[in-house]
Amino acid sequence: MIDNETCEMIINKFYDDIYNFCLSRLKNTYAAEECTQEVFLLLFRKRSKLNFSEKFRSWLYNTADRICKNYIKKNKNITVDIDDYAEVIPDNTANETLISQELYEILGNEEAELLLEYLEADFGKRKQIAQRLGITIKALYGRMDRLRQKVIDYISDNQQ
């Protein structure tokens, strides 16, 4: 049996590892966050039946793998994360300006600035962005996923 305190310690210790595992499987930050939360929600629900043993880490990864597979089945047309398409931009302000101008044209000023701020931020900064907007981090991921999809749709429509 895992008590609440131990459960919280496990979440703090393994959250980033499980998130990175899910991200590597799903290639989408929003989906990875959703699946990671589901893994730890399941851990919390089953804590009275689980034992903290050598096999516990395997249980976490197997659970994450199963949840990711189920997510993919449910969301066959999983949104591709724009971070995967991001290429290293040469240190050339002309290119950066051109990309920024296109982004502003596609999304508008407010959304473009928000996406650029998000892409440059680490997790802690992203939490601050969510707080500033008065939304949860999960809602921020959802909003960024929609903005990314707008950009991807625009790019794919204009490449044809």
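1. Helices (H or I, at least four residues) and strands (E, at least two) are DSSP runs, numbered from the N terminus. By that definition, the place of Arg126 is in helix α7, residues 123–133. The model is predicted: local features need pLDDT of at least 70, side-chain atom pairs count only at pLDDT 80 or more, and totals for chains, interfaces and linings use all residues. Residues are numbered from 1 along each chain as its sequence is written, and side-chain values use heavy atoms, with hydrogens and water left out.

2. Overall make-up. The protein has eight helices and zero strands, so that its pattern along the sequence reads α-α-α-α-α-α-α-α. Buried residues make up 31% of its 160 residues; buried means under 20% relative accessible area, exposed over 50%, and partly exposed in between (1.4 Å probe, protein chains only). Contact means heavy atoms within 4.5 Å. Among contacts between residues at least 6 apart in sequence, 61% join residues at least 24 apart.

3. The cores. A nonpolar core is a set of buried Ala, Val, Leu, Ile, Met, Phe, Trp, Tyr and Cys residues joined through side-chain atoms within 4.5 Å. The largest one holds 19 residues, of which Ile18, Cys22, Leu26, Cys35 and Leu60 touch the most other members. Two or more residues come to this core from each of α1 (4–26), α2 (29–46) and α3 (56–74). Apart from it lies another core, of 15 residues, including Leu107, Tyr118, Ala130 and Leu140.

4. Cys35. Leaving aside neighbours within four places in sequence, Cys35 is in contact with Cys22, Leu26, Ile67, Cys68 and Tyr71. Of these partners, Cys22 and Leu26 are also among the residues that touch the most other members of the largest core.

5. Helix α3. This helix has 19 residues and reaches 27 Å from its first C-alpha to its last, close to the 27 Å expected at 1.5 Å a residue; the expected span is 1.5 Å times one less than the number of residues. Its buried residues include Phe56, Leu60, Thr63, Ala64, Ile67, Cys68 and Tyr71. They lie on the same side of α3, because they cover an arc of only 135° around the axis. The arc is that of the directions from the helix axis to the C-beta atoms. An α-helix has 3.6 residues a turn, so residues three or four places apart point the same way.

6. Leu23 lies in helix α1 and, at 25% relative accessibility, counts as partly exposed. Beyond residues up to four places away in sequence, Leu23 touches Asn28, Thr29 and Ala32. Leu23 and Cys68 are 45 residues apart in sequence, yet 9.3 Å apart in space, C-alpha to C-alpha. Lys27 is in the loop between α1 and α2 and is partly exposed, at 46% relative accessibility. The phi of Lys27 is near 55°, a positive value in a residue other than glycine. Most residues other than glycine have a negative phi.

7. Helix α7. Its buried residues are Arg126, Ile129 and Ala130. Seen down the axis of α7, they fall within an arc of 100°, so they line one face of the helix. Gln131 and Arg132 are exposed on the other side of α7. Just after this helix, Gly134 takes a positive phi of about 75°.

8. Arg126 and Leu119. Arg126 counts as buried at 13% relative accessibility. Neighbours within four places in sequence aside, Arg126 is in contact with Tyr118, Leu119, Ala121, Ile137, Leu140 and Tyr141. Leu119 lies in helix α6 (residues 109–120) and is partly exposed, at 34% relative accessibility. Leu119 and Met144 are 25 residues apart in sequence and 9.2 Å apart in space, C-alpha to C-alpha.
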